[in-house]
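Colleague: Could you take a close look at one part of this model for me, and then show me what surrounds it? I'd like to follow along with the structure open.

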Amino acid sequence: MIQSLTQVLGPWGCALVTMACAYLLGSLSFAIIVCKLTLGRDIRDYGSGNAGLTNAYRTMGGAKTLLVLLGDLAKAAAALAIGGALLGQGGKLLAGAFVILGHVYPAYFGFRGGKGVLVGAMTLLLFDWRIFLIALGLFIVAVAVTRWVSLGSILGAISFPFTMYYFYRSPLYTVVAVVLSGAVIYLHRSNIKRILAGKENKFTLHSKPQITKDEEARK
């Protein structure tokens, strides 16, 4: 069935379908969805104002953040499955780029989303586990040493173009990796300023959620 579909659509049609599906899936911002459904609030009004995993944990706590994690991983996996089925390995990379775009600029939520780190990590994992493990290793070391999640995300992003070129030697793949890496770094520009000033928030597993049901009852 997939083979018949790809023949009907052709390469360009498959690319358009991949991009559209990945973007629309990426636009399902589960940090916003979970916060709205469980607490009746907009997560972007709290903490860093970012609809991402770290802010979800800081504002909603671990249990609800697990739902965000599973939802965002699932949408990235679905997008890459579509891209891979239609266009092979290159389709996975294309889908990854557009699922990140949707996550950062969600069509359903006023084009204000997260920073794309989690869906980017899922893209790396499903594209090439070796590239993922290197980025993950840098992330873990950076966060363990500094407790700055943003620094770990930035270092993981920086590694992407280098590992992509090392494993694939593809100019096209490397250019895409540079663009995605640059986008992640750009989205963390405010974090970079705080890191340089020594004012970046440190991650802790024991922070108290900023949004609670008691708060909702008072409101």
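Modeller: Happy to. Let's start at Phe-160: beyond its neighbours within four places in sequence, its contacts (heavy atoms within 4.5 Å) are Leu-93, Leu-124, Ile-131, Ala-177 and Leu-180. Please keep in mind that this is a predicted model, where local features need pLDDT of at least 70 and side-chain atom pairs pLDDT 80 or more, while totals for chains, interfaces and linings use all residues. Residues are numbered from 1 along each chain as its sequence is written, and side-chain values use heavy atoms, leaving out hydrogens and water.

Phe-160 belongs to the largest nonpolar core, which has 23 residues, and together with Met-164 it touches the most other members. Such a core is a set of buried Ala, Val, Leu, Ile, Met, Phe, Trp, Tyr and Cys residues joined through side-chain atoms within 4.5 Å, and buried means under 20% relative accessible area with a 1.4 Å probe, protein chains only. Two or more residues each come from helix 4 (62-87), helix 5 (89-104), helix 6 (117-127), helix 7 (129-146), helix 8 (149-168) and helix 9 (171-187); helices are DSSP runs of H or I, at least four residues, numbered from the N terminus. Helix 5 gives the largest share, 6 residues. A second, separate core holds 12 residues, including Ala-31, Ile-32, Tyr-46 and Met-60.

Now to helix 2 (residues 30-39), where Ala-31, Ile-32, Val-34, Cys-35 and Leu-39 are buried. Its axis comes within 8 Å of that of helix 4, crossing at roughly 140°; axes are lines fitted to C-alpha atoms over the stretch in contact, with angles from 0 to 180 degrees between N-to-C directions. The two helices are therefore oblique to each other, the class left over when angles under 35 degrees count as roughly parallel, over 145 as roughly antiparallel and 65 to 115 as roughly perpendicular. On the helix 2 side, the contact uses Phe-30, Ala-31, Val-34, Thr-38 and Leu-39, and helix 4 brings Lys-64, Leu-67, Val-68, Gly-71, Asp-72 and Lys-75. After helix 2 comes Gly-40, with a positive phi near 70°.

Helix 4 also packs against helix 1 (residues 2-26), at about 160° with the axes 8 Å apart. Helix 1 and helix 4 are therefore roughly antiparallel. Among the residues meeting there are Leu-5, Val-17 and Leu-25 in helix 1 and Ala-78, Ile-82 and Leu-86 in helix 4.

Note on methods. Buried means under 20% relative accessible area, exposed over 50%, partly exposed in between (1.4 Å probe, protein chains only).
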